[in-house]
Amino acid sequence: MVVNSVHWFRKGLRLHDNPALQETLNGADTVRFLLESLEDLDTSLRKLNSRLFVVRGQPTDVFPRLFKEWNVTRLTFEYDSEPYGKERDAAIIKMAQEYGVETMVRNTHTLYNPDRIIEMNNHSPPLTFKRFQAIVNRLELPRKPLPTITQEQMARCRTQISDNHDEHYGVPSLEELGFKTQGDSSHVWKGGETEALERLNKHLDRKAWVANFERPRITAQSLFASPTGLSPYLRFGCLSCRVFYYNLRDLYMKLRRRSSPPLSLFGQLLWREFFYTAATNNPNFDRMEGNPICVQIPWDHNPEALAKWAEGRTGFPWIDAIMTQLRQEGWIHHLARHAVACFLTRGDLWISWESGMKVFEELLLDADWSVNAGSWMWLSCSAFFQQFFHCYCPVGFGRRTDPSGDYIRRYIPKLKDYPNRYIYEPWNAPESVQKAANCIVGVDYPKPMINHAESSRLNIERMKQVYQQLSHYRGLSLLASVPTIQEEAEPPMSDDSQASSSTAAVCNYTP
Amino acid sequence: MKRRLSRDREDSTSSCEGQTDSCKRVKQPEDSGDLLSNWARLPQEILLHIFQYLPLLDRAFASQVCRGWNQAFHMPELWRCFEFELNQPASSYLKATHPDLIKQIIKRHSNHLQYVSFKVDSSTESAEAACDILSQLVNCSLKTLGLISTARPSFMELPKSHFISALTVVFVNSKSLSSLKIDDTPVDDPSLKVLVANNSDTLKLLKMSSCPHVSPAGILCVADQCHGLRELALNYHLLSDELLLALSSEKHVHLEHLRIDVVSENPGQQFHTIKKSSWDAMVRHSPKFNLVMYFFLYEDEFGPFFRDEIPVTHLYFGRSVSKEVLGRVGMNCPRLVELVVCANGLRPLDEELIRIAERCQHLSAIGLGECEVSCSAFVEFVKMCGRRLSQLSIMEEVLIPDHKYSLDEIHWEVSKHLGRVWFPDMMPTW
């Protein structure tokens, strides 16, 4: 029997360890990355005598037409665990059934199926990372990735490609989608599976050379985009998270000759997993109101202040440089994210994390729905039982991270002639210094938009008020204002009776 | 009388009819002993008891069921406590107390109000609305008044005289104010005099951090006259030796909490010192009092602080604090219960932590943000403090692995000494 199969790309823009295609078109840079990834996929498919078919329209409108036109009998795609994705896919699967099309869905965007983790945590997603790690520790290893699709496999299939394929089904250009291009095609982050796999190799080479699997301490160099950075490729699925996982694991075991790597080796992947799990059953995950895990905080509503932050005009060079890098390149280091997120929300401006999340969604290449929303809630102390006392100073934190000031000079060229002593706080520089640097604060560069000491004093009081209402704590301890979550006290429940050493230890302590 | 009350339900009239219908239906059963039929004839005391469990909105709906329930809704006992929420849609996501409800309260219940607070957002209109209400509380005998800004301090944007006159209405008419929270407001010395003139016998709690128009003399007047004052919160510039001595005088009750915010207005600001003898007098007079100090200073402004022994119990450094100052804290803060450090330079705090463990025998809570401590020193610290550490909040980046412990091993060691499972605090990495 002839099977006519359509594979629907959504996030998994790769041929290795594959199944699915992103519909969210946000900022131009994100779209550019996406289009480059599609081009790359198309190129790879061409080598296998096939092509990528880009069809415009809503899936519910497009698929019925294609099912008929192409006589489709099978539809495959990668599982999307996000609430919106699940809803959309349920509708598609139902419709496919009506057309007699068999659907096959595989879970490969995350290491584990989020439902499995939820089940193992007493049917609710873990709300602390510690708890999440404890559960993952007890799971078997993620499923091994499949190898790349081969010529032999494809030889058994035939794709009907018409002469005017490019016209009807080609990858659109940025202009066609209504975005203006700068004309400058040299971007820091090039989209696509080919680039992703090259970077993976370089990433592993560097780790092997350093032979150090500890969490790297941030240096000034870390702030700049790394040629081995992988986060955007994970987001779009150009790189399979399982391939990354197993490559790291195999390398570790080879170099360290130890039986199993610590969970901390997979930090980036596990955080991603954590947020996907937390979000999968919560359609309100990306907002405060109606979100059961989000603390209701009386954020200020101030569009002018938000715009200054988003456009890098706060008057704090550290913050402005970070937001400029974000806008220009689509990526910033995670500590830089902490700095600007803290500044916008609980640290200084007291503006809602939802606004910050939307800006990141537009500008940040690796901001997928679950991770972006979850991280913003985390960084603004709106969820996940975070202590709120540690505030990132928009002057001090920057200075400690990059004493040379080179990062500031690179992204805010106006300040390049400021001496290191004043480059993080140019408003404190004497007039003579400002004149010598050819950059007068208030004229050539904005004055600081707030007084950090005052704002942080105010805001710590606000956070304390909110949390003390939550925890019903009336005492004087700042740390005790944050309620502890019950799940911390109990050992993780599971379906198997075999306790690993970590769980045995947990049971020995009185909560 | 308008039926629409707070929040934005429009269909109140229809629900009223619906409810009355069910009331009528319920009266029909022949069995006179049927409990259901007595809903309409519940005694007021029982209704009151039930209503006290209901949030305001539910009570408001209940009040529209029938006249009896409406009467219960307006019983004075239900109007002792009220929180006015004043928000503008342009500046806040929160809903506000409905203006009609506010009018009703002022008209019918202002003389019932005893515990009142105002939560305002960052718009001047909200602060003005609060003052408006305050000025009308002429028949009020308030016990508690709280002016709380949930975002930026909008009370400070008001013309000072406008605010003061509204506030003094309450001061003059209440005469039995026990608790007053007026942080971040333009309250001044003369208005404090009015407060004292009318409420000196009853005032127990006064929170006035960041009130820039008050002088040390102004607050001294309060301490001198209000001998029942147990809790006080203010900024460091208002603290003086005289104030501490006044609070320690024989006539004064034992002080329970003193909260001091030390905030730098400009870099290089000079701060005055408080004599050790003044602190000693405080401790002698109120041996159990808690001294809570929050510092928001540049690193080089700590000169006058921690040179002598100081009875601080809860210490928060909201900006970077130097290793040297933390060393002085270890030497001079024997009563320390909680230490929270936002950030420090990037040199390990090993010695300083060990000294704190040695000399601060009451320390039960510690939080470290952007700092560095070697794993060995940290384990040593926890060993020395042992189980008295009920709060240990350390960011993961703080701990530097060394030859004895890696990051993965350290949490076992620490958990062992604490007697419970412990992990450092983490931040997401993308």
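The structure is a predicted model, in which local features need pLDDT of at least 70, side-chain atom pairs count only at pLDDT 80 or more, and totals for chains, interfaces and linings use all residues. Residues are numbered from 1 along each chain as its sequence is written, chains are lettered from A and ligands numbered from 1 in the order in which they are written, and side-chain values use heavy atoms, with hydrogens and water left out.

**Confidence**

- The predictor gives the complex an ipTM of 0.85 and a pTM of 0.87.

**Where chain A meets chain B**

- On the two sides of this interface, 64 residues of chain A are in contact with 70 residues of chain B.
- The two chains bury about 5,800 Å² between them, with 57% of it on carbon and sulfur atoms; buried area is the accessible area (1.4 Å probe) that two parts lose on being put together, summed over both.
- Five salt bridges cross the interface of chain A and chain B, a salt bridge being a side-chain nitrogen of Lys or Arg within 4 Å of a carboxyl oxygen of Asp or Glu.
- A:D300 and B:R152 meet through their side chains in a salt bridge, at 3.1 Å from N to O.
- Helix α21 of chain A gives the most to the side of chain A that touches chain B, with twelve residues; helices (H or I, at least four residues) are DSSP runs, numbered from the N terminus.
- That side of chain A divides into 26 nonpolar, 25 polar and 13 charged residues. Here Ala, Val, Leu, Ile, Met, Phe, Trp, Tyr, Cys and Pro count as nonpolar, Asp, Glu, Lys and Arg as charged, and the others, Gly among them, as polar.

**Inside chain A**

- Chain A is divided into domain 1 (1–106), domain 2 (193–280) and domain 3 (303–472), with bounds from an automatic or database domain assignment.
- The centres of domain 1 and domain 3 of chain A, taken over C-alpha atoms, are 39 Å apart.
- Between domain 1 and domain 3 of chain A, about 660 Å² is buried, and the salt-bridge count is zero.
- Helix α1 (residues 28–47) of chain A gives the most to the side of domain 1 that touches domain 3, with four residues.
- A:D29 forms a salt bridge with A:R32, their closest N and O atoms being 3.0 Å apart. These two residues are separated by about one helical turn because they lie three residues apart in helix α1 of chain A.

**Inside chain B**

- Chain B has domain 1 (41–78) and domain 2 (80–418), and their centres, taken over C-alpha atoms, are 38 Å apart.
- Domain 1 and domain 2 of chain B bury about 590 Å² between them. B:L56, B:H74 and B:P76 supply 74% of the area that domain 1 buries against domain 2, more than any other three residues.

Technical notes: Contact means heavy atoms within 4.5 Å.
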